[in-house]
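I opened my notebook and went looking through this model, one question at a time. Here is what I looked up, in the order I did it.

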Amino acid sequence: MTTTVQTLVNQPYKYGFVTEIETETIPRGLSEDVIRLISAKKNEPEFMLNFRLKAYRQWLKMTEPSWPHVHYPPIDYQDITYYSAPKEKDKKKSLDEVDPVLLETFEKLGIPLSEQKRLSNVAVDAVFDSVSVATTFREQLAEEGVIFCSISEALHDYSDLVERYLGSIVPINDNYFAALNSAVFSDGSFVFIPKGVRCPMELSTYFRINTEGSGQFERTLIIAEEDSYVSYLEGCTAPMFDTNQLHAAVVELVTLDNAEIKYSTVQNWYAGDENGKGGIYNFVTKRGLCAGKNSKISWTQVETGSAITWKYPSCVLVGDNSVGEFYSVALTNNKQQADTGTKMVHIGKNTRSTIISKGISAGRSQNSYRGLVKMGSKADGSRNYSQCDSMLIGSDAEANTFPYIQVQNNTTKVEHEASTSKIGEDQLFYFSQRGISVEDAVSMMISGFCKDVFNQLPMEFAVEADRLLSLKLEGSVG
Amino acid sequence: MIIENSELILSVRNLAAEVDGTPILKGLNLDIKAGEIHAIMGPNGSGKSTFSKVLAGHPVYTVTGGEVLYKGQNLLELEPEDRARSGVFLAFQYPLEIPGVSNLDFLRVAYNSKRQHEGLEELDAFDFDDLVRERLDVVKMDPAFLDRSVNEGFSGGEKKRNEILQMALLAPTLAILDETDSGLDIDALKIVANGVNQLAKPDNATLLITHYQRLLDYIVPDFVHVMAEGRILTTGGKELAQELEARGYDWVREEDMAEVAAR
């Protein structure tokens, strides 16, 4: 090949370090005893243990999905550690008591937690392996009636809310990985926005996998009562290990009448090396239920990491006039594989959904959009607009689009647009002939391509996401 | 205009180049001095466009022999972006469409990369905006084009005008216009030619690559070269273009063959 678009080389992964910290790690393997052990460690209420056991028994009867357009060797579920946590002396009362090694780790990841350094308008829940180590701004949020804490704490302090909603949006037997998560989830974030409250700051959870061989199974539950609003962002990184690690999360969102949840993800799990060795298997179930009329759930995701991504953040639009949105940028490089998209299930009248998906494939990666738009029989006057654009960098990458459309109501309207473009040698030459470096050229084209999605991110994170994509592709062309 | 003792801007000696192992340029010689307008004419497949891309550094072509000096410097060892920043500009025969990148951003980054190369401070968005709006006049372009993606959905004529707008901003020392007249109607041709004429100065040089004499009615060259088989066969003044128009290219080739045979 005479092109300048040569083999794509990844920018060294800057979050690949391991924190040396004493952990409490249970032996590898999964059984009812392990589940009882996890539940006991967290001193959970009875209903939670029963929930887990029920999920585990369902999971045993289920099989791993084979329909995604991804390939990986069979996972040995008995070779995974299902609970790993930094040893802590006592439950810490304030951030000052959090192990400085952990604070330092998060600071290194760009997530300063200490009072002096943290972002002034973003509250952060920091999750390290299986547990939440700190949540900032809790008191300030509590003044508004907003609850933002780890789900473990919520199980103690707000167990009625958790019991009522947990598993109500993603049932325990929804799919193989959701069942596994329901059985063994260790921590995650819980958010409750009471009626009429507009959450005064961005809420954010930062997930960090540290221990080799441990899986991460976090569970997030966000409840927005009538007339409330919250914007929530999650970020993720992991060290570089040669072995694959499983991350199977479940996120459930629910909005009541006139409420809105904006959920953004910047996913940068370790992707494996350029030959596809190591990396995270990111098998995630995310679903939002627009239960109330005029409510809205908006998913924005920037997926740049993981060896394999399998996720379809979805909206179930039950309330009349409710709105679901999905904005996605999925970047794959080297040997990464992504099968990601959304499901928009229109049940109520005059519901609306928008899907904007941008896939960027470089190296020898595979990038698939898979999306379902379903118009139920009672969804009179509902509308969907989908736009799926793919960009190929180089000539060895693959992009696929698998749209599924099911319409049971002839007053609805579904639109689907798709395009494929390529950053080719001639375009790059055009830039260089105008004195623009190849790196700047790629970065300008990628930013332009992703603009519609980045515009949806909270501003601080939009800049970060833009930078992240450029870094991921740096040195990849030329 | 021909100026006595003006600076030699481009000096090409025995240039040979190939693409995928097929030789295209086979010993090309050409000198261009400051202030001059040169036209290279020739039939399809003569290597005209290849020559322009080799000068600009397109990676698909491999130079297999000869040398190119640009203001005394070895041009061939420079990366394409450095050639551009030091003043070599190629107006493309088929300008590329760049979806998602606004024309204004593209122009600003290009302009500032040149400023940076010259050790000047970058222009901020506001100052640049003023500058570009003033330059729009060179090609009578609607400011609305600035907010559109680079060349996306532009008509053939609009793309060519956009090339000249870029040229007006970057103020190159050596402007190479590859078949800039192709696909233009007479009005657009006049606008483009007028733009090029405005930009030609005593301290820069212009190289027109064209198949037809038509463009040369509006941009009058100081020298006309006839190219075929990867070489320049003959050189004359502007009247040579008219002769070519009247007689076609074959006679040049025949004369050349006779000359070669006589040797």
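**Entry 1: chain A as a whole.** I began with contacts in chain A between residues at least 6 apart in sequence, and found that 84% of them join residues at least 24 apart. I kept in mind that this is a predicted model. I then looked up burial: of the 478 residues of chain A, 56% count as buried. For the elements, I noted ten helices and 23 strands in chain A.

**Entry 2: strand S6 of chain A.** How many of the residues of strand S6 are buried? I found five of the five, residues 189–193, so strand S6 of chain A is largely enclosed by the rest of the structure. I sorted them by face: Ser189(A), Val191(A) and Ile193(A) lie on one side, Phe190(A) and Phe192(A) on the other, and all are buried.

Next I looked up the neighbours of S6(A). Strand S5 of chain A, residues 147–150, pairs with S6(A) in the antiparallel sense over four bridges. In that pairing I noted Ile147(A), whose bridge partner in S6(A) is Phe192(A). S6(A) is also joined to S8(A), by four bridges, and these two run parallel. Here Phe190(A) stands opposite Leu221(A) of S8(A).

**Entry 3: on to strand S11 of chain A.** From S8(A), residues 219–224, I followed six bridges to S11(A), again a parallel pair. Ile223(A) stands opposite Val254(A) in S11(A). On from there, S11(A) pairs with strand S13 of chain A, residues 279–290, in the parallel sense over six bridges. I marked Leu253(A), which stands opposite Gly288(A) in S13(A).

I checked burial here too. S11(A) spans residues 250–255 and is mostly covered, with six of its six residues buried. Val250(A), Glu252(A) and Val254(A) are on one side, and Val251(A), Leu253(A) and Thr255(A) on the other.

**Entry 4: helix H3 of chain A.**

After H3(A) comes Gly110(A), with a positive phi near 85°.

**Entry 5: a sheet in chain B.** I turned to chain B and found an open sheet of four strands, in the order S2-S1-S4-S5, with antiparallel pairing. Its edge strands are S2 (22–33) and S5 (73–74) of chain B, each of which pairs on one side only. Eight bridges join S1 (residues 8–19) to S4 (residues 61–70) of chain B. On this pairing I noted Ala16(B), which stands opposite Gly65(B) in S4(B).

I stopped at Leu10(B), which is found in strand S1 of chain B. Is Leu10(B) buried or exposed? Leu10(B) has 23 other C-beta atoms within 10 Å, and a residue counts as buried at 20 or more, so Leu10(B) is buried. Leaving out residues up to four places away in sequence, Leu10(B) touches Leu30(B), Asp31(B), Ile32(B), Tyr70(B), Leu174(B) and Ala205(B). I also looked up Thr173(B): it is 163 residues from Leu10(B) along the chain, yet their C-alpha atoms are separated by 10.0 Å.

**Entry 6: helix H3 of chain B.** H3(B) packs with helix H6 of chain B (residues 156–170) at an angle of about 35°, with the axes 10 Å apart. The crossing is right-handed. From H3(B), I wrote down Asn103(B), Leu107(B), Ala110(B), Tyr111(B) and Lys114(B); they meet Asn162(B), Gln166(B), Leu169(B) and Leu170(B) in H6(B). By class, this contact has five nonpolar, three polar and one charged residues.

**Entry 7: where the chains meet.** I finished with the contact between the chains, which takes 23 residues from chain B and 20 residues from chain A. H3(B) turned up again here: it gives six residues, the largest share of the side of chain B that touches chain A. By class, that side has 13 nonpolar, five polar and five charged residues.

Note on methods: Residues numbered from 1 in each chain as written. Chains lettered and ligands numbered in written order. Predicted model: local features only at pLDDT ≥ 70, side-chain atom pairs only at ≥ 80, totals over all residues. Contact = placed C-beta atoms within 7 Å. Nonpolar A, V, L, I, M, F, W, Y, C, P; charged D, E, K, R; others polar. Pairing = 2+ DSSP bridges. Buried ≥ 20, exposed ≤ 12 C-beta atoms within 10 Å, placed from the backbone. Axes fitted to C-alpha atoms, helices over the stretch in contact; angles between N-to-C directions. Left-handed = near helix turned anticlockwise from the far one by under 90°.
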